[in-house]
Amino acid sequence: MAAGMSASAPAGLARRLAGMVYESLIVLALLLVSSLAFLLVSPDAAATAVRPLFQAYLLGIIGLYFTWFWTHGGQTIAMRAWRLRLLRRDGAPLSWRDAWLRFALAIPSVGLVGLGLLWSFADRNRQFLHDRLAGTTIVRTDDPAAAP
């Protein structure tokens, strides 16, 4: 095991990708509800000068969703279902700084045609690029060593 790596078993690529698919459904539902709330206040927000504020609001909602769950147990709703947990590489839970850094790095990593996800095929530990850069790792929670 590499120095500084968590003793928990790393989650496999297939499980992490399946978790991401499930996560996208949850995030889509969150965005729909959040959009409705914003559009009730500003009905033409999507088509006016308010649009950048609307987009920043939605990005903030997504950021709060992920960072809150990552800093409160290391698992989003989808990660719980797929028995995954996000930790720092040293096995410690994420701080708010760690969580926001990972979120900020994940946006281009996932958004640029998934290049940061494809990185995992070349990475020696099969990590996504944003996890490598943020110093985080995703482990299986069905592994006894992954218990908090």
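Reply: Buried here means under 20% relative accessible area, with exposed over 50% and partly exposed in between (1.4 Å probe, protein chains only). This is a predicted model: local features need pLDDT of at least 70, side-chain atom pairs count only at pLDDT 80 or more, and totals for chains, interfaces and linings use all residues. Residues are numbered from 1 along each chain as its sequence is written, and side-chain values use heavy atoms, leaving out hydrogens and water.

Me: Which residues in H2 are buried?
Reply: Phe54, Leu58, Ile62, Gly63, Tyr65, Phe66, Thr67, Phe69, Trp70 and Thr71. Helices (H or I, at least four residues) and strands (E, at least two) are DSSP runs, numbered from the N terminus.

Me: And what covers the buried residues of H2?
Reply: The cover includes H1, helix H3 (77-81), strand E1 (84-88) and helix H4 (96-111), where contact means heavy atoms within 4.5 Å.

Me: At what angle do H2 and H4 pack?
Reply: About 135°, with the axes 9 Å apart. Axes are lines fitted to C-alpha atoms, for helices over the stretch in contact, and angles run from 0 to 180 degrees between N-to-C directions.

Me: Why are H2 and H4 called oblique?
Reply: Angles under 35 degrees count as roughly parallel, over 145 as roughly antiparallel, 65 to 115 as roughly perpendicular and the rest as oblique, so H2 and H4 are oblique to each other.

Me: Now H1 and H2, where do they cross?
Reply: Helix H1 (residues 13-41) and helix H2 (residues 51-71) have axes that come within 10 Å and cross at roughly 135°. That makes H1 oblique to H2 as well.

Me: What comes after H2?
Reply: Gly73 follows H2, with a positive phi near 110°.
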